[in-house]
Amino acid sequence: MKVETFMCRQLYGVSSGKSAQYAAEKMNELKVGSLVVFEEGKVVGIVTSRDIRAAHPNRIVADVMTANPLSIHKNAFIGQALAMMEENEVERLLVMDDHEVIGIVTRETLREEIGKNIDPLTGLYRASYIEYLYNFLVEQQTRFHLFFLDLNNFGEINKKYSHIFGNEVLTHFANRLKEICQDGDYLCRYGGDEFVVITKREQSELQFFYEQMKRPIAYKNVAISFSVGFLNGNLHDLFAKSYEESIREASLLSTKAKFYAKER
Amino acid sequence: MTNNNYYSKKASITIKFTEFEVPPMKDLLLIGRQAPVGPEAVRRMAEALSPEQFSIIKIDHPKVEAVLIRNTLIEMIDKEIILQIIMEEADKLLNERMVLRAELKVAVSVQREVDLA
């Protein structure tokens, strides 16, 4: 799920002194939505069909383009690239290999790709996405923490109130998680009634996050409870563990928590 | 049978010579947001014709995108003051598709008194 995988390698360029009309014709001819703008061999901007539509056709490309375009490294995670585009309200990023432009990636492409990794019931990421994210953070040596959440007695809820009701419970629970999450938190429906949260929060914020998570929750007067397996990235060397190992460990911790809760 | 119709095709040429002013802009150009030339094109033109004599100032205005101004003017009077005056006056004349040329002269009068020894 690196940007490089989804970028367009074919870069079409135009000189900054050409007219907007020329750029429009070139885009039509090449059937592309944007051109990279060059000046003396250097990339100075991106011009898109939207830029062209908004401008007088006689203007030169330098007056129509988006100057100093945003760029991202080819090894960046696609979620990071999409967030950058959404934050800056741009449709495209240049993809760099060190100082060289090697491609262009569009918001549409990344949205589509990330959309394939969204669980249709809850709107959370699927396990495949969180696995890529985990491996990316490990590769980048970015410290993070992992929560494994497992709903209690979900099978009984399904049996007692129907599977449709069970699905509503899952959606309700997912929405609660979304409410308490912020930038740097990643939510995933791991499977069935299991959820994974990866967070990059500071140690000092973890306790508060956990307390928010554990606040009582109910759906149509049916109490929803869950058990948590938590791997603190400051205490567990997640960089040395594979995704599977960490999930297994966190899952076992949640099972133990469930067992102790029953004992009590 | 003969064709008596007369047919003629002529071109009339009119030439009008005037001196090309260098630079073709005077002291100011106000560039509308939808004008056929944008600030960068104007900057390049000014730089090619009169190097280092003009500056482009981009402004936040609904109709005007930028002002090309002769450097000597903003060396004499604060840029913000000049821009405020220009925009107040031009706002009534300009629409966003226009490029407006303006002359702006600054006359400084000084009167000083000195003590007579």
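**Interface between chains A and B**

In the predicted model, the side chains of Glu39(A) and Arg44(B) meet in a salt bridge, with an N to O distance of 3.0 Å; a salt bridge is a side-chain nitrogen of Lys or Arg within 4 Å of a carboxyl oxygen of Asp or Glu. The count of salt bridges between chain A and chain B is two. On the side of chain A that touches chain B, four residues are nonpolar, four polar and three charged (nonpolar: Ala, Val, Leu, Ile, Met, Phe, Trp, Tyr, Cys and Pro; charged: Asp, Glu, Lys and Arg; polar: the others, Gly among them).

Contact (heavy atoms within 4.5 Å) links 11 residues of chain A with 13 residues of chain B. The two chains bury about 780 Å² between them, 37% of it on carbon and sulfur atoms; buried area is the accessible area (1.4 Å probe) that two parts lose on being put together, summed over both. Of the area that chain A buries against chain B, 61% is supplied by His56(A), Arg59(A) and Asp63(A), more than by any other three residues.

Within chain A, 45% of the 264 residues count as buried (under 20% relative accessible area, 1.4 Å probe, protein chains only). Among contacts in chain A with a separation of 6 or more, 61% are between residues 24 or more positions apart.

Residues are numbered from 1 along each chain as its sequence is written, and chains are lettered from A in the order in which they are written. Local features of this predicted model need pLDDT of at least 70, side-chain atom pairs count only at pLDDT 80 or more, and totals for chains, interfaces and linings use all residues, while side-chain values use heavy atoms, with hydrogens and water left out.

Conventions:
Buried < 20%, exposed > 50% of the residue type's maximum accessible area, 1.4 Å probe, protein only.
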